[in-house]
Amino acid sequence: MKLSKVKSVLGQLETISFKLPNGDLVPEHFHVTEIGKITKHFIDCGGKIRNEEVVNFQLWDANDYNHRLHPEKLIHIINLSESALNIEDLDIEVEYQGQTIQKFALDFDGVYFLLTPKQTDCLAKDQCGVDPEKPNLKLAEAHKAPYCEPNSGCC
């Protein structure tokens with residue numbers, strides 16, 4: 001989810017709720033302790049130099065159970081960070097404390113901001129001998145695939 005989409009959604013909400021991948025909600029007394037731009041400059045296993053940038057939100061909950069971050073306040077914080085840090089309309093990455101700091105992508109389902117799992121991946125599969133994934137064909141659907149009839153001349 002891009003930063004512009006987050007701001008657009010926030011403008012339509014009365015309250016902010018984040019849902020973890022397991023369905024649990026981030027406690028409603030959460031804080032956004034950081035908004036920043038993270039730049040990752042790296043080389044992949046195939047030798048290609050890459051740059052990635054994301055906007056990072058760090059969520060934190062403490063024992064101040066009466067705290068509630070309202071949408072207009074978060075929009076204000078985002079606007080400040082865009083101006084002060086020269087943040088562009090980038091994808092959002094969210095950090096939240098699990099057994100260690102967990103990183104999530106962000107989506108919205110009409111009610112909740114969804115913290116969605118991020119996965120590692122090889123960016124140079126063709127360079128390091130990893131076979132490209134082949135699509136799985138379900139046998140029950142095999143009859144729907146294009147095929148040649150015997151004696152049709154197509155084979």
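Pro71, Leu74, Ile78 and Ser81 are the buried residues of helix α2 in this predicted model. Because these four cover an arc of only 85° around the axis, they sit on the same side of α2. An α-helix has 3.6 residues a turn, so residues three or four places apart point the same way. What lies over that buried side? The cover includes α1 (3-10), β2 and β3. Turn to the other side of α2 and you find Glu72, Ser83 and Ala84, which are exposed. As for its length, α2 takes in residues 71-85, 15 residues in total. From first C-alpha to last it reaches 21 Å, close to the 21 Å expected at 1.5 Å a residue.

Just past the end of this helix comes Asn86, with a positive phi of about 55°. Most residues other than glycine have a negative phi, and most peptide bonds are trans. Where does Asn86 sit? It belongs to the loop between α2 and β4. Its relative accessibility is 56%, so Asn86 counts as exposed, the cut-off being over 50%.

Now for the other helix. In α1 the buried residues are Leu3, Val6, Val9 and Leu10. They cover an arc of only 125° around the axis, so they too share one side of their helix, α1. Which elements do these buried residues pack against? The partners are β3, α2, β4, β5 and β6 (113-117).

Stepping back to the whole chain, there are two helices and six strands. Read from the N terminus on, the order is α-β-β-β-α-β-β-β. Of the 155 residues, 29% are buried. If you take contacts between residues at least 6 apart in sequence, 66% of them join residues at least 24 apart.

| Pocket | Volume | Lining residues by class |
|---|---|---|
| Largest pocket | about 580 Å³ | eight nonpolar, two polar, eight charged |
| Second largest pocket | about 160 Å³ | seven nonpolar, three polar, three charged |

The largest pocket has a volume of about 580 Å³. Of the 18 residues that line it, Lys40, Glu52, Val54, Glu93 and Lys118 come closest to its centre. Which strands build the lining? At least two residues each come from β2 (30-43), β3 (49-61), β4 (92-97) and β5 (101-108).

Lys103 is part of strand β5 and, at 43% relative accessibility, counts as partly exposed. Setting aside residues up to four places away in sequence, Lys103 touches Glu93, Val94, Glu95 and Lys118. Among these, Glu93 and Lys118 are also in the group closest to the centre of the largest pocket. Lys103 and Gln119 are 16 residues apart along the chain, and their C-alpha atoms are separated by 9.6 Å.

You'll find Leu123 in the segment after β6, and its relative accessibility of 39% makes it partly exposed. Beyond its neighbours within four places in sequence, Leu123 is in contact with Phe42, Asp44, Arg50 and Glu52. One of these, Glu52, is again in the group closest to the centre of the largest pocket.

Thr15 belongs to the loop between α1 and β1 (18-19). Is Thr15 buried or exposed? At 54% relative accessibility, Thr15 counts as exposed. Thr15 and Arg68 are 53 residues apart along the chain, yet 8.5 Å separates their C-alpha atoms.

Methods:
Residues numbered from 1 in each chain as written. Predicted model: local features only at pLDDT ≥ 70, side-chain atom pairs only at ≥ 80, totals over all residues. Heavy atoms only, no water. 1 Å grid on protein atoms, 1.4 Å probe; cavity = no way out; pocket = protein on both sides within 12 Å on 5 of 7 lines; lining within 4 Å. Points joined across faces, edges and corners; volume = space filled by probe spheres on them. Nonpolar A, V, L, I, M, F, W, Y, C, P; charged D, E, K, R; others polar. Expected span 1.5 Å × (residues − 1). Buried < 20%, exposed > 50% of the residue type's maximum accessible area, 1.4 Å probe, protein only. Arc of directions from axis to C-beta. Contact = heavy atoms within 4.5 Å.
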